[in-house]
Amino acid sequence: MKVAIVGASGAVGQEFLRVLAERNFPVDELLLFGSKRSAGTKYTFRGKEIEVRLLQHNDDFKGVDIAFTSAGAGTSKEFADTITKYGAVMIDNSSAFRMDSDVPLVVPECNAADALQRPRGIIANPNCTTIMMVVALQCLENISHIKRIHVASYQAASGAGAAAMAELEQQYRELIEGKPVTVEKFAYQLAYNVIPQIDVFTDNGYTKEEMKMFNETRKIMHTDASCSAMCVRVPSLRSHSEAIWAETERPVSPEQFAQAIKEGHGVKLMDDPANKVYPMPLFLAGKDDVYVGRIRKDLANENGITFWLVGDQIKKGAALNAVQIAEYLISVGNIK
């Protein structure tokens, strides 16, 4: 199995290296690609040092079976034909192709089989907040069809990349030392603050991040459910949190949903409020699963249920989900 990672020096690219190693993914040869800035950098994988190559329009992807790409939508669009030219399956972590009708948008716990139909050789990895939400919602959908979803996300600095994490840490140091605060990666100072904007606003008043949750949820879950989202940046370093209200066709008890989470894939129940047990980002960075707690009936809707979840958006929300897609393709013999 010949595997490539495009955007190897970024936060998600580095997570790909860790996840592939952790899961003992069948890699016989690994190629790393990056920009002019990162080309020449060396990373160790399974005891072997690998140098990052400059991503170019050439034949470097000849013989590659799977290419994990996480270098931004512009790069993905520009290099998609080059990457897939010789039959590589491109599993793309950007927003470039997510809503294209001929590109499957896949979360293995929900719609793994969609990955089998990829006329362009591309499979899209959804937005991190959507991935985490639908993994939990699939457990609910299996009990009763979901009609409406309301969600407020509390998204860590790492959602904006490694440099954003560094800036948050820098801001706290600057505040403690009485220095001017550096603000470059966010619209405002994030330290001691929350910012109710992630991505740019669209004409309807929702941000692109919020509209991703609306559109991507429908495509992944093959549903007519509407999702109204409010996405907020919070001053935690890693792992996103979400408060979710879901309305189903018939009432679902908290006990039913909790049992479905226990039996679900990619989710873990962490719900014992009497003993202050519930998911928190501080303790769940680096974990594979989405953790669910605070399950209760929605007091404003007799067919509603509400809950809280936390997941590592760099891991399950990006690299791990992509690797799980590849694992599924291998398991069903669908790699060339």
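This is a predicted model: local features need pLDDT of at least 70, side-chain atom pairs count only at pLDDT 80 or more; totals for chains, interfaces and linings use all residues.
Me: What makes the radius of gyration of the protein agree with a compact globule?
Reply: For 336 residues, a compact globule would come out near 20 Å, and the protein has 20 Å, so the two agree. If you like box dimensions, the C-alpha atoms fill roughly 60 × 55 × 40 Å along the principal axes.

Me: Which secondary structure elements does the protein have, and how many?
Reply: Nine helices and 13 strands.

Me: How much of the protein counts as buried, and what does the accessible surface come to?
Reply: Of the 336 residues, 53% count as buried, where the cut-off is under 20% relative accessible area. The accessible surface is about 14900 Å², with 49% of that belonging to carbon and sulfur atoms.

Me: What share of the contacts join residues at least 24 apart in sequence?
Reply: Take the contacts between residues at least 6 apart, and 66% of them join residues at least 24 apart.

Me: How far apart are the mean positions of the positive and negative charges?
Reply: They sit 3 Å apart, counting 37 positive and 41 negative charges.

Me: Why is Thr207 called buried?
Reply: Buried means under 20% relative accessible area. Thr207 has 0% relative accessibility, so Thr207 counts as buried.

Me: Where is Thr207, and what is it in contact with?
Reply: Thr207 is in the loop between α5 (162–176) and α6 (208–221). Skipping neighbours within four places in sequence, Thr207 touches Gln197, Ile198, Asp199, Val200, Phe201 and Thr202. The Thr207 side chain also reaches the backbone oxygen of Ile198 at 3.1 Å.

Me: What makes the link between the side chains of Arg238 and Glu15 a polar contact?
Reply: The distance part of the test is a pair of N or O atoms within 3.5 Å, with one able to donate a hydrogen and the other to accept it. The Arg238 and Glu15 side chains are joined at 3.0 Å, and that is listed as a polar contact. Arg238 makes another side-chain polar contact, with Asp312, at 2.7 Å.

Me: Where does Arg238 sit, and which residues is it in contact with?
Reply: Look in the loop between β9 (226–233) and β10 (240–248). Beyond its neighbours within four places in sequence, Arg238 has contacts including Arg18, Ala156, Ser158, Pro281, Ala285 and Gly286.

Me: How far apart are Arg238 and Gln313 in sequence and in space?
Reply: They are 75 residues apart in sequence, with 7.5 Å between their C-alpha atoms. Gln313 is also among the contacts of Arg238, along with Ile314 and Lys315.

Technical notes:
Residues are numbered from 1 along each chain as its sequence is written. Side-chain values use heavy atoms; hydrogens and water are left out. Helices (H or I, at least four residues) and strands (E, at least two) are DSSP runs, numbered from the N terminus. Contact means heavy atoms within 4.5 Å. The radius of gyration is taken over C-alpha atoms; the globule rule is 2.2 Å times the number of residues to the power 0.38. Buried means under 20% relative accessible area, exposed over 50%, partly exposed in between (1.4 Å probe, protein chains only). Accessible areas come from the Shrake-Rupley method with a 1.4 Å probe; for residues, only the protein chains shown count as cover. Lys and Arg count as positive and Asp and Glu as negative; His and the chain ends are not counted. The place of a charge is taken as NZ of Lys, CZ of Arg, CG of Asp or CD of Glu.
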